[in-house]
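Take a look at the model below. We will walk through its aromatic contacts and then turn to one of its strands.

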Amino acid sequence: MTASCYYVTTPIYYVNDKAHIGHVYTTTVADVLARFHRLRGVRTFFLTGTDEHAAKVVDSARERGRSPQDWADENAGAFQETFDRLGMTHDDFIRTSQERHKSRVTRYVQALMAGGDVYPGEYEGWYDAGQEEYVPESKAKEFDYKSPINGKPLVRKREKNYFFRLSAYGDQLLSWMESNPRAVLPEARRNEVLGRIREGLNDVPISRSGQEDWGIAVPGDSGQTIYVWIDALMNYLTTIDTDERREFWPCDVHLIGKDILWFHAVIWPAILMALNRRPGYEWVTTPRSVYAHSFWISEGMKMSKSLGNFIDLPKLEEYIADFGLDAVRFYLATQGPLGATDSDFAHQRFAEIYNTALANTLGNSLNRVCNMSGRYADGLLPPVDTAVADVAIGQVIGKLKSNAGERTKSGISAYEQVELHIAADAALALVRDVDSAIEQVQPFKLAKDAARLDDVKVFLAACAEALRIGSLLLWPILPGKIEAAWRRLGCGDYAKHLENRGLGQLEAWTRWGAQVGPRQLEAGDPLFPRHQEK
Ligand code: ME8
């Protein structure tokens, strides 16, 4: 049974910076998941956006002699433009400086105050200005009172604050995680969070003073601004808190990086639990899962601007120019740090993966089948269920058919588990099945005998059928190239169903024989020209 709707989010990105591989990566993974669910016929909501009320936005605007709003407008515009150019299919782009967001955050905080979960107090601790967060004493000591993220000295800070009563939610958080094995993923991150919750939770400050002109005021206290992290987390709810969209809640997966796990796996669900107790917010339940990926490194080394090995947008654009947008999506989706270990973005590895998986496997197989069909059948292949005279060929076709069923099942389940490399592997395995079937049957030899030409045509129809099924499984990752492949396989209609975020019927379409009747194949240029090092 597939769910009736699906909601996937990315972090909202700090608007003082330009997009880099971290942003493009998480958004690409979300895009793949959104496309997969739409392909499956599930109404989908994919959200991304920008986080604008950080103190560093005020600082970087000031350095440039700009107002925070003006500076945020420029950078949020650049993020939007980048994601559009990269073909991302988000359904909305939330900016936290928008009125629709601010008014709802105010309402949520009011509700939390009315329930006693937000109360006034005073806080003193070690503050990481770059991350906009307090670091617990033990962690501050462990890192020699420097930021665990960027190494800059932590600042001792004392301020009057409003607090969120996180300490009251330890048991409820534990039972949420224990009854939902997928609440926090991957496993290593889940264990990390469970361990920290079991150590006990302190209340957390959720407001700041001194930034009155940029941010959302604490209701009833204009001297305090809602802490940027609390404001930011609420974007996941504010955007869909309308009559038309509320059904998308609870979120199916909040995709994030491992550095922002605590906020998403502990503070955010606890805020939702607290809101859920307030009248009118009964629908606000905990997310189905929070998925924290690891980091990209670059050519074997941690990325840093000073080393000059940072994979920024211009660098990604170079890869797109050399290999194509879909090849970059493929590398990000299948070679990325979805698990608990970091992944290397390295040129040589990129070229190897491109040549092996895309040029030599997918592109090559499609070309072989289309070209042979042109040569032996003028491109016109009989229906896939046409009988063959040769028993051995019949067996090879039978094997292709049963493999297609198996590969489809494991591909779909891998997408459901956010295991994108396994999903792609399942589809590519089916493509390799086609190659081995061709090696076994040797249609190029049989075709020389006119009496066997009919069998050759039926065999090629089965190959095309397997490629059609494999291509459907690859579409979420390689949408542009697969749509080109569909035109050549005589099933260009899928693209029409899916354009403008339309819905497909993956389960029905991947059935063997779903494309009925004869089909016309087209020869053409290689989908993925082999990459030669310059
Ligand atoms: O954290 N590899 O925004 P952000 C993979 N505004 N991912 C990386 C990465 C790398 N090398 N470097 C960074 C914020 N990231 C907040 C989020 S959500 C309510 C608020 C990821 O623009 C990082 O893990 O600093 C994070 O998830 C994302 O980029 C956005 O970072």
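Buried here means under 20% relative accessible area. By that cut-off, Phe323 is buried, and Phe350 is too. Keep in mind that this is a predicted model.

Start with the aromatic rings. A pair of such rings is described by two values: the distance of the centres and the angle of the planes. The structure holds 32 aromatic pairs. One of them joins Tyr319 and Phe345. Their ring centres lie 5.0 Å apart, with 80° between the planes. Planes over 60 degrees apart count as edge-to-face, and this pair is edge-to-face. Where do the two residues sit? Tyr319 belongs to helix α11 (residues 313-323), while Phe345 belongs to strand β15 (residues 343-345). The two are 26 residues apart in sequence, so the pair ties together separate parts of the chain. Tyr319 and Phe345 are both buried.

Now move to Phe323 and Phe350. These rings also form an aromatic pair, this time a tilted one. The centres are 4.6 Å apart and the planes make an angle of 55°. Phe323 lies in helix α11, and Phe350 lies in helix α13 (residues 347-377).

Tyr319, Phe323, Phe345 and Phe350 are among the members of one aromatic cluster. That cluster also includes Tyr25, Trp296, Tyr331, Tyr354 and Phe528.

Phe528 has a charged neighbour as well. The charged end of Lys481 sits over the ring of Phe528, 5.3 Å from the ring centre. Lys305 does likewise with Phe310: its charged end sits over that ring, 5.3 Å from the centre.

Next, find strand β13 (residues 290-293). Is each of its faces covered or open? Both faces are covered. Val290 and Ala292 are buried on one side, and Tyr291 and His293 are buried on the other.

Which strands pair with β13? Strand β7 (residues 184-185) is one partner, parallel to β13 over 2 bridges. Within that pairing, Val184 stands opposite Val290. Strand β12 (residues 253-257) is another partner, also parallel, joined to β13 by 4 bridges. Here Leu255 has Tyr291 as its bridge partner.

Methods:
Residues numbered from 1 in each chain as written. Predicted model: local features only at pLDDT ≥ 70, side-chain atom pairs only at ≥ 80, totals over all residues. Heavy atoms only, no water. Phe/Tyr/Trp six-rings, centres within 6.5 Å; stacked < 30°, edge-to-face > 60°. Buried < 20%, exposed > 50% of the residue type's maximum accessible area, 1.4 Å probe, protein only. Lys NZ or Arg CZ within 6 Å of the ring centre and 35° of its normal. Pairing = 2+ DSSP bridges.
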